[in-house]
Amino acid sequence: MFRSNKWIGEETLTSQCEHVSCGSKEKVWMTYHYQGRERGLKPHPYCAECGLIKNLSSEKPRKIGFYINIITSLKEDFRMAQAQIRLMALDMEKLDFEDDYSMDRHQQEELFIEIVQKYSKVPDWALRRFF
Ligand SMILES: [Zn+2]
């Protein structure tokens, strides 16, 4: 059965699901995004287990390590402590950051900036130049 989509930031995102796609006849029509912009309607498959709608972006998410490297390279300049970096890494893990079923690269980048700025004063430009 189809349950509602899960949105970033909801506690429920922490659930670990293997994601099993629904049958091809059961897709839901939704807008899809490319480079952060809406590109019209497309039938989206969803997970029969948890109801998560599959992200159809061609830009697959990066590994958490890519983002940790960015933070580490900024550590000195913005005087971040190891403890801050650990909190950021934890947040990324909690949000299923590498889940390519729900996450695309653009969403990942926006979320990454949000997480970094939650624990530090690193400005947008300092982060975006890595993308
Ligand atoms: Zn699932």
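The secondary structure of the predicted protein comprises four helices and two strands. From the N terminus, the order of elements is β-β-α-α-α-α. Of the 131 residues in the protein, 15% are buried. Contacts were also examined by sequence separation. Among those between residues at least 6 apart in sequence, 66% join residues at least 24 apart.

The packing of α1 on α2 is described first. Helix α1 spans residues 64-74, and helix α2 spans residues 82-94. Their axes come within 11 Å and cross at roughly 160°. Helix α1 is therefore roughly antiparallel to α2. The crossing of α1 past α2 is right-handed. On the α1 side, the contact is made by Ile64, Tyr67, Ile68, Ile71 and Thr72. Their counterparts in α2 are Ile85, Met88, Ala89, Met92 and Glu93. By class, the contact of α1 with α2 holds eight nonpolar residues, one polar and one charged.

Helix α2 also packs against α3. The axes of α2 and α3 come within 9 Å and cross at roughly 145°. This crossing of α2 past α3 is right-handed. Helix α2 contributes Gln84, Leu87, Met88, Asp91 and Met92 to the contact. Helix α3 contributes Ile115, Val116 and Tyr119. The contact of α2 with α3 divides into six nonpolar residues, one polar and one charged. Met88 and Met92 of α2 meet α3, and Met88 and Met92 are also listed in the contact with α1.

The largest nonpolar core has 10 residues in all. Its members are Tyr67, Ile71, Met88, Met92, Leu95, Phe97, Met103, Phe112, Ile115 and Val116. Helices α1, α2 and α3 (105-119) are the elements that give two or more residues to this core. Helix α3 gives the most, with three residues. In soluble globular proteins, nonpolar side chains tend to be buried together. With residues up to four places away in sequence left out, Ile71 touches Ile85, Met88 and Val116.

Two loop residues have positive phi values. Arginine 79 lies in the loop between α1 and α2. Its phi is near 45°, a positive value in a residue other than glycine. Arginine 79 has 10 other C-beta atoms within 10 Å, so this residue is exposed. Aspartate 96 is placed in the loop between α2 and α3. The phi of aspartate 96 is near 50°, again a positive value in a residue other than glycine. Aspartate 96 is buried, because 20 other C-beta atoms lie within 10 Å.

Serine 57 was examined in the loop between β2 (37-44) and α1. With 19 other C-beta atoms within 10 Å, serine 57 counts as partly exposed. The cut-off for a buried residue is 20 or more such atoms. Serine 57 touches Tyr32, His33, Tyr34 and Asp104, with residues up to four places away in sequence not counted. Serine 57 and histidine 106 are 49 residues apart in sequence. In space, the C-alpha to C-alpha distance between serine 57 and histidine 106 is 9.3 Å.

Note on methods
Residues are numbered from 1 along each chain as its sequence is written. This is a predicted model: local features need pLDDT of at least 70, side-chain atom pairs count only at pLDDT 80 or more; totals for chains, interfaces and linings use all residues. Axes are lines fitted to C-alpha atoms, for helices over the stretch in contact, and angles run from 0 to 180 degrees between N-to-C directions. Angles under 35 degrees count as roughly parallel, over 145 as roughly antiparallel, 65 to 115 as roughly perpendicular and the rest as oblique. A crossing is left-handed if the near helix is turned anticlockwise from the far one by less than a right angle, and right-handed if clockwise. Two residues are in contact if their C-beta atoms, placed from the backbone, lie within 7 Å. Ala, Val, Leu, Ile, Met, Phe, Trp, Tyr, Cys and Pro count as nonpolar, Asp, Glu, Lys and Arg as charged, and the others, Gly among them, as polar. A nonpolar core is a set of buried Ala, Val, Leu, Ile, Met, Phe, Trp, Tyr and Cys residues joined through C-beta atoms within 7 Å. A residue is buried if 20 or more other C-beta atoms lie within 10 Å of its own, exposed if 12 or fewer, and partly exposed in between; C-beta atoms are placed from the backbone.
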